[in-house]
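Hi,

Here is the structure I promised to pass on.

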Amino acid sequence: MGKINRYSVEYEWANVIFYQEVEAMTIQEAKERIQHTKVNTAIRAVHVIEDVES
């Protein structure tokens, strides 16, 4: 299994800005996790918070 990181994802949904922490292997996977749960989400930024050992 690969290395898992914790990301802070900033996104806009229904004209409101939200921040959510997600664990994923890549930035793209972090974005997809948010977009999968929220339809029509605009990802504004993704930041690595910390590396989590898997």
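**What turned up**

Glu29 comes out as partly exposed, at 22% relative accessibility. Its partner is Arg33, and the two side chains meet in a salt bridge of 2.7 Å, N to O. Arg33 is partly exposed as well, with a value of 41%. Both sit in helix α1 (residues 27-37), and because they are 4 residues apart there, about one helical turn separates them.

Before going further, please keep in mind that this is a predicted model.

Now the overall picture. The protein has 1 helix and 3 strands, and along the sequence they run β-β-α-β. For 54 residues, a compact globule would have a radius of gyration near 10 Å, and the 11 Å found here agrees with that. Along the principal axes, the C-alpha atoms fill a box of roughly 35 × 20 × 10 Å. Buried residues make up 28% of the 54. The accessible surface is about 3800 Å², and carbon and sulfur atoms account for 49% of it. If you take the contacts with a separation of 6 or more, 49% of them are between residues 24 or more positions apart.

Back to the charges. How many salt bridges does a search of the whole structure find? It finds 5. Side chains of opposite charge can pair when their charged atoms come close.

Glu10 belongs to strand β1 (residues 4-13) and Arg44 to strand β3 (residues 42-52), so the Glu10 pair ties together parts that are 34 residues apart in sequence. The bridge to Glu12 also links distant parts of the chain, from Arg44 in strand β3 to Glu12 in strand β1, 32 residues apart. Glu12 is partly exposed at 28%, and Arg44 is partly exposed at 49%.

There is also a salt-bridge network, which links Arg6, Glu23 and Glu50.

Then the rings. The whole-structure search gives 2 aromatic pairs. One is Tyr11 with Phe18, a stacked pair with 5.5 Å from centre to centre and 20 degrees between the planes. Tyr11 is buried, at 3% relative accessibility, while Phe18 is partly exposed at 30%. Phe18 also pairs with Trp13: their ring centres are 6.2 Å apart and the planes stand at 55 degrees, so this pair is tilted. Why tilted rather than stacked? Stacked needs planes under 30 degrees apart and edge-to-face needs over 60, so 55 degrees falls in the remaining class. Tyr11, Trp13 and Phe18 together form one aromatic cluster.

Trp13 has a further neighbour worth a look. The charged end of Lys38 sits over the Trp13 ring, 5.6 Å from the ring centre. Trp13 itself is partly exposed, with a relative accessible area of 34%.

Cheers

Conventions
Residues are numbered from 1 along each chain as its sequence is written. This is a predicted model: local features need pLDDT of at least 70, side-chain atom pairs count only at pLDDT 80 or more; totals for chains, interfaces and linings use all residues. Side-chain values use heavy atoms; hydrogens and water are left out. Rings of Phe, Tyr and Trp (its six-membered ring) pair if their centres lie within 6.5 Å; planes under 30 degrees apart count as stacked, over 60 as edge-to-face and the rest as tilted. Buried means under 20% relative accessible area, exposed over 50%, partly exposed in between (1.4 Å probe, protein chains only). A charge sits over a ring if NZ of Lys or CZ of Arg is within 6 Å of the ring centre and within 35 degrees of the ring normal. A salt bridge is a side-chain nitrogen of Lys or Arg within 4 Å of a carboxyl oxygen of Asp or Glu. Helices (H or I, at least four residues) and strands (E, at least two) are DSSP runs, numbered from the N terminus. The radius of gyration is taken over C-alpha atoms; the globule rule is 2.2 Å times the number of residues to the power 0.38. Contact means heavy atoms within 4.5 Å. Accessible areas come from the Shrake-Rupley method with a 1.4 Å probe; for residues, only the protein chains shown count as cover.
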